[in-house]
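Biologist: Let's go through this one together. Have a look first, then I'll start asking.

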Amino acid sequence: MAKVKFKSFIPKMAYHLSEGNKESFKHFEKRQIEVYGNLSHKDLETLMNCVEICHDVEDRDERDKRFVELGIPTSCQK
């Protein structure tokens with residue numbers, strides 16, 4: 001699977017949250033708000049679902065596939 005480019009920082013936020021990288025999480029949270037606006041309730045639910053995926057799946061390609069299945073928009077939707 002080719003590297004997926006998401007139109008959201010939620011997957012990056014989820015990954016860093018799941019790894020305990022507070023500074024990286026905060027950086028991508030700030031970028032998310034700057035680019036896409038404040039996080040909605042739905043965004044927070046999506047973030048938590050993505051964190052669960054990060055905990056369950058080590059392989060990046062498989063994580064990206066599950067993020068796409070979850071509905072995270074990409075720049076190359078098929």
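Biologist: Is the crossing of H1 and H2 left-handed or right-handed?
Modeller: Bear in mind that this is a predicted model, where local features need pLDDT of at least 70, side-chain atom pairs count only at pLDDT 80 or more, and totals for chains, interfaces and linings use all residues. Residues are numbered from 1 along each chain as its sequence is written, and side-chain values use heavy atoms, without hydrogens or water. With the near helix turned anticlockwise from the far one by less than a right angle, the crossing of H1 and H2 is left-handed.

Biologist: How are H1 and H2 oriented to each other?
Modeller: H1 covers residues 10-19 and H2 covers 22-36, with axes 8 Å apart and an angle of about 165°. Axes are lines fitted to C-alpha atoms over the stretch in contact, and angles run from 0 to 180 degrees between N-to-C directions. The cut-offs are under 35 degrees for roughly parallel, over 145 for roughly antiparallel, 65 to 115 for roughly perpendicular, and oblique for the rest. H1 and H2 are therefore roughly antiparallel.

Biologist: And at what angle do the axes of H1 and H3 cross?
Modeller: H3 runs over 41-56, and its crossing with H1 is right-handed. The pair is oblique. The axes of H1 and H3 come within 8 Å, and the crossing angle is roughly 55°.

Biologist: Which helices do the buried residues of H1 pack against?
Modeller: Buried means under 20% relative accessible area (over 50% is exposed, in between is partly exposed; 1.4 Å probe, protein chains only). In H1 that gives Ile 10, Pro 11, Met 13, Ala 14, His 16 and Ser 18. H4 covers 60-70, and the buried residues of H1 pack against H2, H3 and H4.

Biologist: Which residues is His 16 in contact with, leaving aside its neighbours within four places in sequence?
Modeller: His 16 lies in H1 and is buried, at 15% relative accessible area. Contact means heavy atoms within 4.5 Å. Among the H1 residues that meet H2, His 16 sits alongside Ile 10, Lys 12, Met 13 and Leu 17. With those sequence neighbours left out, His 16 touches Asn 21, Ser 24, Phe 25 and Phe 28.

Biologist: How far apart in space are Phe 25 and Ala 14, C-alpha to C-alpha?
Modeller: Phe 25 lies in H2 and is buried at 14% relative accessible area. Leaving aside neighbours within four places, its contacts are Met 13, His 16, Leu 17 and Leu 47. Phe 25 and Ala 14 are eleven residues apart in sequence, and their C-alpha separation is 7.6 Å.

Biologist: Where is the nearest cysteine sulfur to that of Cys 50?
Modeller: The structure holds zero disulfides, a disulfide being a pair of cysteine sulfur atoms within 2.5 Å. Cys 50 is in none, and its nearest cysteine sulfur is 6.7 Å away, on Cys 54.

Biologist: What is the relative accessible area of Cys 54?
Modeller: Both Cys 50 and Cys 54 are among the H3 residues that meet H1. Cys 50 counts as buried at 0% relative accessibility. Cys 54 is buried too, with a relative accessible area of 9%.

Note on methods:
Helices (H or I, at least four residues) and strands (E, at least two) are DSSP runs, numbered from the N terminus.
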